[in-house]
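Here is a friendly walk through one protein model, written to be read with the structure open beside it. Please take a look at the fold, then follow the headings below.

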Amino acid sequence: MTSRLIALCFDANDPLRLGRFWAGVLGWEMVEDPPDGFVLLPSDDTEFRIEFFPTQAQKVGPNQTHLDLTSTSLEEQQQTVARALELGARHIDIGQRPEEEHVVLADPEGNEFCVIEPGNQFLADCGFIGAVNGDGSQEVGHFWSEALGWPLVWDQDEETAIRSPQGGPKFTWGGPPVNPKTGKNRLHLDLAPPGDGDQQAEVDRLVALGATRIDIGQGDVSWVVMADPDGNEFCVLTPR
């Protein structure tokens with residue numbers, strides 16, 4: 001048994017505003033998720049949804065994970081950048097070189113993302129969200145391959161990438177040096193066993209793969225909070 005990826009979750013100081021931003025950029029439908037959250041439902045073949053939940057914590061330092069958005073032409077890249085800027089994004093400098101053709105932006109809460117230039121072969125056929133791009137070790141790439149049952153599609157020079165057999169975005173990790181965490185990640189994954197699965201059995205399996213159970217003050221909830229081998233938080237929901 002392997003987990004199913006349910007959602008990519010954002011911690012947001014203003015979930016409504018951030019949800020509306022990403023709905024506008026991606027063209028996905030936004031629905032309310034009481035009591036305070038919002039969910040984006042994919043309009044394409046992306047298997048997971050995107051969720052936004054409130055936090056009082058402020059962003060500190062660069063995120064461990066960001067989205068890479070693809071372009072089929074230079075005009076489309078420019079249109080995506082212009083749309084994002086109109087919705088509240090801004091250009092940022094994270095040390096990208098002048099010769100690099102992707103555009104680095106931050107959303108209204110400072111979460112970094114990239115709009116990739118046309119002709120990027122690594123992300124070809126991955127969809128508009130080409131990659132969920134992580135700062136992580138080779139070990140963590142292998143962990144997530146086993147956790148989700150997704151094959152490794154890249155494993156060279158300590159860089160790794162996995163992708164669902166059904167297609168969609170790649171999940172990538174850039175290898176060392178891995179930047180130190182600066183508190184709880186603002187983006188995390190929600191997993192769930194299949195409908196006939198068992199949550200505790202899945203938690204035990206993930207622990208055997210290298211995950212740990214952690215307490216982030218979640219209290220008495222139905223989901224289990226865990227960390228992958230690099231310390232990145234994720235949640236295991238009840239079967240669905």
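Let us begin with I6, which belongs to strand β1; helices (H or I, at least four residues) and strands (E, at least two) are DSSP runs numbered from the N terminus. At a relative accessibility of 9%, I6 is buried, where buried means under 20% relative accessible area, exposed over 50%, and partly exposed in between (1.4 Å probe, protein chains only).

Which residues touch I6, once neighbours within four places in sequence are left aside? They are F48, R49, D190, L191, A192, L237 and R240, with contact meaning heavy atoms within 4.5 Å. F48 is 42 residues from I6 along the chain, and their C-alpha atoms are separated by 5.1 Å.

## What kind of model this is

This is a predicted model, in which local features need pLDDT of at least 70 and side-chain atom pairs count only at pLDDT 80 or more, while totals for chains, interfaces and linings use all residues. Residues are numbered from 1 along each chain as its sequence is written, and side-chain values use heavy atoms, with hydrogens and water left out.

## The overall fold

The protein chain holds four helices and 16 strands. Its radius of gyration is 17 Å, close to the 18 Å from the globule rule for 240 residues, so the chain is as compact as a globular protein of that length. The radius is taken over C-alpha atoms, and the rule is 2.2 Å times the number of residues to the power 0.38. Along the principal axes, the C-alpha atoms fill a box of roughly 50 × 45 × 35 Å.

Of the 240 residues, 48% count as buried. Among contacts between residues at least 6 apart in sequence, 62% join residues at least 24 apart. The chain exposes about 11500 Å², and carbon and sulfur atoms supply 48% of that area; accessible areas come from the Shrake-Rupley method with a 1.4 Å probe, and for residues only the protein chains shown count as cover.

## Salt bridges

How many salt bridges does the model contain? The count comes to six, a salt bridge being a side-chain nitrogen of Lys or Arg within 4 Å of a carboxyl oxygen of Asp or Glu. One of them joins D11 to K184, with the closest N and O atoms 2.7 Å apart. This pair links distant parts of the chain, 173 residues apart: D11 is in strand β1 (residues 4–12), and K184 is in the loop between β12 (170–173) and β13 (187–192). D11 is buried at 12% relative accessibility, whereas K184 is partly exposed at 36%.

E233 pairs with K181, and here the closest N and O atoms are 3.1 Å apart. Because E233 lies in strand β16 (residues 233–236) and K181 in the loop between β12 and β13, the bridge ties together parts that are 52 residues apart in sequence. E233 is buried, at 9%, and K181 is partly exposed, at 29%. A further salt bridge connects R205 and E202, at 2.7 Å between the closest N and O atoms. These two are three residues apart in helix α4 (residues 199–209), about one helical turn. R205 is partly exposed at 22%, while E202 is buried at 0%.

## Two helices

Helix α1 (residues 15–26) includes A23, which is buried at 13% relative accessibility. Leaving aside neighbours within four places in sequence, A23 is in contact with W28, M30 and L40.

In helix α3 (residues 138–148), the buried residues include V140, G141, F143, W144, S145, A147 and L148. Just after α3 comes G149, with a positive phi of about 70°.

## Backbone details in the loops

Where do the cis peptide bonds sit? One runs from P34 to P35, with omega near 10°, and P35 lies in the loop between β2 (29–33) and β3 (37–41). Another runs from P176 to P177, with omega near -5°; P177 is in the loop between β12 and β13.

The loop between β10 (152–156) and β11 (159–163) contains D157, a non-glycine residue with a positive phi near 50°. D157 is exposed, with a relative accessible area of 71%. E158 is found in the loop between β10 and β11 too, with a positive phi near 65°, and E158 is partly exposed at 40%.
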